[in-house]
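Dear colleague,

I am passing on the structure we spoke about, and my notes on it follow below the display. Please keep it open while you read, as the notes are meant to be followed alongside it.

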Amino acid sequence: MRPFTYERALDPADAVARVAAHPDAAYLGGGTNLVDHLRLGVAAPGRLVDVSRLALDRVESRDDGGLRIGAAVRNSDLAAHPSVRHDFPVLSQALLAGASGQIRNMATTAGNLLQRTRCRYFQDVTTPCNKREPGSGCPAVEGRNRTLAILGASEHCVATHPSDMAVALAALDADVVVLGPSGERRIPMADLHRLPGDEPARDTTLDPGELITAVELAPLPAARRSAYRKVRDRASYAFALVSVAAVLEVEDGVVREVRIALGGVAHKPWRATRAEEALRGREATAEGFRAAAEAELGAARPLSENAFKVPMARNAITATLRGLVRAAGERA
Amino acid sequence: MTLTGTPPAVGTAVGPAVGPAVGRGVRRLDGRVKVRGMARYAFEQLAESPAYLHLLQSTVARGRVSDVDASEAEALEGVLLVLTHLNSPKLADTSDGEYTVLQSPGVAFRGQIVGCVVATSPEVARHGAELVRIRYDEHPHDTRLREDDPDLYAPDEVNASFPTDTDEGPVEEALRSSAVVVDQRYSTPMEHNNPMEPHSCIATWDESQERPTLTVYDSTQGAHGVASTLAKVLGLAQQDVRVISPYVGGGFGSKGLPHAHNVLVALAARTLPGRPVKLALTRQQMFFLAGYRTPTLQRVRIGADADGRITGLVHEAVEQTSRIKEFAEQTTVVSRNMYAARARRTSHRLAALDVPVPSWMRAPGEAPGMYGLEHAMDELAEACGLDPVELRIRNDPPADPETGKPWSGRHLVECLRVGAERFGWSRRGPTGSRRDGDWLVGFGVASSTYPGNVMPGSVARVRYGGRGHYAVHIGAADIGTGSWTALNQVAADALGLAMNRVHLEIGDTALPMATVEGGSSGMASHGSAILEACRRFREEHGESPEPGATTESAAAEHPEAKEYATHSYGAQFVEVRVDADTGEVRVPRMVGVFSCGRIVNPRTARSQFRGGMVWGLSMALFEHSIVDHRFGHVMNHDLADYHVPTNADVVDIDVSWLDETDLHLNPLGVRGIGEIGITGTAAAVASAVHNATGIRVRDLPITPDTLVR
Amino acid sequence: MPGSAGRDASAYGVGVAFARCDDGYTPDVHEAAETRETREAGEAGVASGATEAMEATEAKLTLTVDGSARTVTVDTRTSLLDALRERLGVTSPKKGCDHGQCGACTVLLDGRRTLSCLSLAVAQQGRDVVTASGLDDSGDLHPMQEAFVEHDALQCGYCTPGQICSAVGVLEEAAAGHPSLVTDPDVPAGSAVPLTDDEIRERMSGNLCRCGAYVDIVAAIRDVAAQRPPVPSR
């Protein structure tokens with residue numbers, strides 16, 4: 001753990017200026033992932049710029065009925081926010097399925113998005129890892145990969161993205177607002193995280209120095225019927241083997257609107273567009289849900305230890321959609 | 001204090017120690033300081049200007065250190081010392097490979113200690129450790145346990161001095177002629193103890209006196225054992241090593257013996273005389289250096305007649321040990337006398353691999369062994385078309401099948417019957433028949449057992465301090481077991497005093513010798529010594545002693561113990577729910593009924609039983625140290641990835657025990673309670689999972705991927 | 001009487017953390033440990049080397065710890081947990097994993113339960129830290145602590161201070177209407193969440209207890225929650 005300097009940014013522009021000027025500077029938010037990495041030797045910045053006390057800690061309703069979520073809003077506060085609970089329950093549930101009460105009190109919205117993989121080789125600096133040390137190799141491809149990717153991986157990296165919240169935001173087509181040295185831009189969630197390809201060291205499409213300042217949600221009435229299902233090895237406080245964020249609106253037995261994203265299966269939150277296509281405008285039946293899930297998972301390329309994720313994801317998608325239909329019926 | 005129901009009485013002999021305190025659910029005496037965080041564990045002991053030690057660990061699994069470049073680390077401000085094999089003081093005794101630290105460039109497993117950095121702050125020590133460059137000549141290694149390893153060997157004996165193999169009666173013939181035969185393989189994975197408090201010490205080497213002395217605050221289950229090991233390894237007289245350990249944040253066997261880090265911190269302290277050196281293993285380091293449970297590959301063959309009476313039983317285990325020190329776990333010993341079988345064969349074979357040193361982990365032997373045996377019994381019940389409770393009752397032996405000795409008190413059948421009643425076992429349905437919404441529901445059962453152990457050698461001292469107050473001294477440990485409280489209860493009754501007149505001191509080698517707090521033997525060994533010391537004190541000094549009157553004594557001889565086979569028994573019943581879609585397993589209900597002799601403190605005892613059952617649940621569903629054999633080390637070496645149960649995983653655990661006193665083993669009538677709770681549990685869970693799903697998972701743990709379809 | 005222990009502990013230059021039974025009355029050893037702690041915390045047992053100058057990689061900060069203002073100079077790398085334990089002598093929060101995976105280091109930071117191991121001390125300037133040793137400023141036990149002792153919701157005691165801080169935080173969070181993963185969706189946003197056993201279990205799952213005292217931990221919290229009905233506190 002090499003020494004670093006610490007400074008507290010005055011406002012977002014000041015933060016960006018401080019980090020952009022130093023290639024070995026990093027933003028410090030809730031610290032739940034960065035401090036972990038400092039201690040593991042996975043990250044070794046020379047300069048930390050604290051953005052946790054910036055005035056980015058509010059959830060605001062937009063005029064159009066959407067939400068603007070400040071980057072420094074704590075996960076627990078976001079999960080408890082009345083608008084989130086009412087209009088986007090999938091987001092509240094995803095947040096509450098993540099980590100522990102203490103960590104949710106610390107972790108920020110932006111930090112949650114920028115979590116790095118929990119791949120064991122990435123976290124163990126005594127082993128090679130292309131994400132941590134480009135070109136050193138990926139021992140996970142033929143190693144202990146039970147928890148790793150089945151979709152969109154490359155020969156260079158089979159890591160998964162660990163966030164639950166990001167899976168819900170992917171399903172909700174959120175926009176990520178970013179401030180950089182040359183100004184502000186908006187990145188659709190689908191474009192924020194990358195697939196590993198031959199550059200696994202890059203988790204996101206953010207440029208050096210860019211700071212996430214907010215996440216915006218456009219109104220989506222269908223999202224009031226949404227849910228997050230997380231499958232894990234123990235009942236709580238564990239990363240997902242597979243997770244499903246789903247929005248489902250059924251009218252007269254026909255799927256009118258559907259959004260599905262998967263966690264625990266890829267280097268990024270995996271938007272299940274093929275499954276959505278297979279469902280939209282069709283009858284909402286258990287068989288249809290299963291066929292749609294299978295359509296999505298046809299692209300799966302399991303590793304030596306994680307073939308189980310294919311039926312697990314299929315069943316979790318089916319069960320989540322089934323549950324939403326059931327809940328709709330109960331409330332109707 | 002309310003028990004979970006009223007246990008039936010059996011064997012209610014009254015022992016000499018019964019008084020107002022023993023048998024009462026006294027609140028934990030150390031509870032008050034612990035709930036405020038004021039109990040000082042080893043690393044928290046006051047130390048002036050301490051230095052902090054950070055380990056250097058090998059990054060190859062076999063080979064030798066070829067080059068050390070410590071120049072950058074040594075140049076770092078605040079670094080006091082970089083210690084490697086190149087500059088380490090020599091040890092006086094190198095007969096034990098685990099304790100032979102920094103004496104050669106050799107590397108015998110990945111993660112082995114190859115040096116350390118000592119600095120004025122923990123941050124600098126850690127940074128310094130990152131700056132030391134170590135190069136290796138790497139040799140080919142083998143860390144994979146295989147049943148067909150040509151180098152498997154039979155150890156001279158297995159842990160706790162049991163014979164390696166036994167062969168009674170014509171077992172192959174019995175199996176051939178049996179109406180029903182179960183022949184299955186079961187495996188349990190490598191598991192790590194992971195007490196919440198990492199292994200920690202503060203060591204101070206003092207050269208200001210005539211002879212050098214070493215004082216160590218240590219987190220240990222046996223201060224005297226640490227002191228004698230360090231004295232021997234370092235070449236000090238035993239009385240010049242003092243080990244102090246008043247509070248211990250869990251051990252579960254991993255603190256039963258000292259480990260390499262104890263020697264390392266002493267070497268560092270010796271190099272920096274007068275300065276306290278502090279070392280706490282990181283959670284990650286604990287996966288290399290603090291012992292672990294060997295993986296086991298077991299084969300169980302049971303033959304029975306059409307009525308389910310066992311005719312022949314074979315239980316074979318393959319396990320691993322390290323190349324530098326042998327630890328042979330007694331996995332199949334339980335099958336030697338658990339059930340009535342006319343012909344029995346048991347064996348253990350070891351592979352010495354390039355792996356860290358395995359050691360004790362809660363119920364070594366019984367925990368993995370009872371998993372294999374009891375899972376096979378469940379399969380036998382199914383094959384015979386018998387209720388698994390009834391199968392066990394039919395095979396309850398009237399005397400120890402191995403020695404022919406009478407049981408000091410075997411009440412397995414009562415435990416099974418009481419447990420079945422409390423659990424509602426009669427509502428168990430056929431395999432795969434019960435469903436509640438998306439959950440498949442199943443019931444399972446298994447037996448538990450653990451031997452009644454007493455270790456000789458403990459001594460207690462009683463001293464009258466005046467004004468009605470007595471000191472009771474013994475170098476025992478409380479690792480969460482409740483000894484602070486229960487030993488005080490024993491002493492109070494033995495002296496005929498109120499508990500607040502007795503001032504117990506434990507956890508210090510300046511106190512009389514005590515054996516390790518392990519093998520569920522603490523109360524039987526330390527309590528018996530206290531009982532005898534108190535008795536003799538009254539005999540020597542009467543009811544009105546002079547202040548300063550002192551008596552020291554070991555436990556009284558108890559020759560009768562040799563004439564009996566002394567084991568504790570229990571029955572565990574489990575309800576599981578398996579998510580029909582995802583294979584996730586939940587355990588909403590567990591019932592355990594135990595027969596363990598006298599219970600000194602029902603309140604703390606219940607916690608011990610429950611804790612053991614939580615461990616059994618954990619073994620069934622979660623625990624698994626995952627090795628990448630190309631590197632030769634455990635990859636999930638932290639608490640995010642090495643799963644133990646969370647609060648949400650543990651729901652309702654109903655514990656009760658038979659009201660019983662077993663005076664055959666010791667005058668207190670106790671048989672020990674710390675480990676039995678983990679035995680059999682995993683088999684009960686596997687039995688319930690099968691009942692719910694029809695799927696037999698024979699290789700632990702039973703994770704969702706083993707059940708999703 | 002200490003002589004009966006073989007040798008005087010003070011000969012080793014290190015303190016013995018608990019009192020010996022001398023002639024006459026001796027308080028309970030555990031209470032003695034507590035008394036000594038109160039007296040010596042923050043005075044002895046503090047790393048001295050860390051105050052050597054290291055340019056901008058160290059910082060001076062002021063915190064309120066268990067009701068007292070404390071000023072300390074820390075390495076920027078120092079966690080809040082290490083600042084408390086190694087610099088300020090406050091050892092109530094425990095180090096079980098140092099990576100946010102066990103909860104033993106839980107403290108209340110500005111009233112919210114927080115992992116002190118993942119908090120850099122330097123980032124906590126001006127904040128209020130409450131540990132399990134400062135939950136009750138009269139020096140008595142907090143009702144949650146009483147309940148833990150009564151239900152034997154602890155064994156080795158190492159996770160216990162973190163469990164207790166977490167439990168106190170859980171009561172506040174539920175009263176403030178914070179949902180958990182198992183909260184009934186029909187509980188309206190903003191109103192207090194009733195602490196069923198399922199709620200307690202899920203909310204306490206960030207605090208591992210290797211001794212397996214969970215059933216009793218839930219019972220202890222259930223008792224305290226029943227004494228204090230969940231009403232919104234803000």
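In which order do the 3 strands of the open sheet in chain B lie, and is their pairing parallel or antiparallel? The order is 4-2-6, and the pairing is antiparallel. Strand 4 (106-107) and strand 6 (133-138) of chain B stand at the edges, and since each has a single partner strand, one side of each is left without a neighbour in the sheet. Strand 2 of chain B, which covers residues 63-69, pairs with strand 4 of chain B over 2 bridges in the antiparallel sense, and if you wish to find this pairing in the display, you can look for Arg64(B), whose bridge partner in strand 4 of chain B is Gly106(B). Please bear in mind throughout that this is a predicted model.

Turning to chain A, there are 13 helices and 12 strands, and the domain assignment gives domain 1 (5-50) and domain 2 (222-331), with 36 Å between the centres of these two domains, taken over C-alpha atoms. The C-alpha trace of chain A spans about 60 × 50 × 35 Å along its principal axes, and its radius of gyration of 20 Å agrees with the value near 20 Å that a compact globule of 332 residues would have. Of those 332 residues, 62% count as buried, and of the contacts in chain A between residues at least 6 apart in sequence, 64% join residues at least 24 apart.

Chain A also holds an open sheet of 4 strands, in the order 9-10-11-12 and with antiparallel pairing. Here strand 9 (226-231) and strand 12 (270-271) of chain A are at the edges, each with a single partner strand, so one side of each has no neighbour in the sheet. Strand 9 of chain A pairs with strand 10 (residues 242-251) of chain A over 6 bridges in the antiparallel sense, and within this pairing Tyr228(A) has Ala245(A), in strand 10 of chain A, as its bridge partner. Helix 5 of chain A, residues 89-97, packs on this sheet and touches strand 9 and strand 10 of chain A, its direction making about 25° with that of strand 9 of chain A.

Finally, where the two chains meet, 24 residues of chain A are in contact with 28 residues of chain B. Helix 13 of chain A (residues 309-331) gives the most to the side of chain A that touches chain B, namely 5 residues, and by class that side has 12 nonpolar, 6 polar and 6 charged residues.

With best wishes

Technical notes
Residues numbered from 1 in each chain as written. Chains lettered and ligands numbered in written order. Predicted model: local features only at pLDDT ≥ 70, side-chain atom pairs only at ≥ 80, totals over all residues. Domains from an automatic or database assignment. Rg over C-alpha atoms; globule rule 2.2 N^0.38 Å. Buried ≥ 20, exposed ≤ 12 C-beta atoms within 10 Å, placed from the backbone. Contact = placed C-beta atoms within 7 Å. Pairing = 2+ DSSP bridges. Nonpolar A, V, L, I, M, F, W, Y, C, P; charged D, E, K, R; others polar. Axes fitted to C-alpha atoms, helices over the stretch in contact; angles between N-to-C directions.
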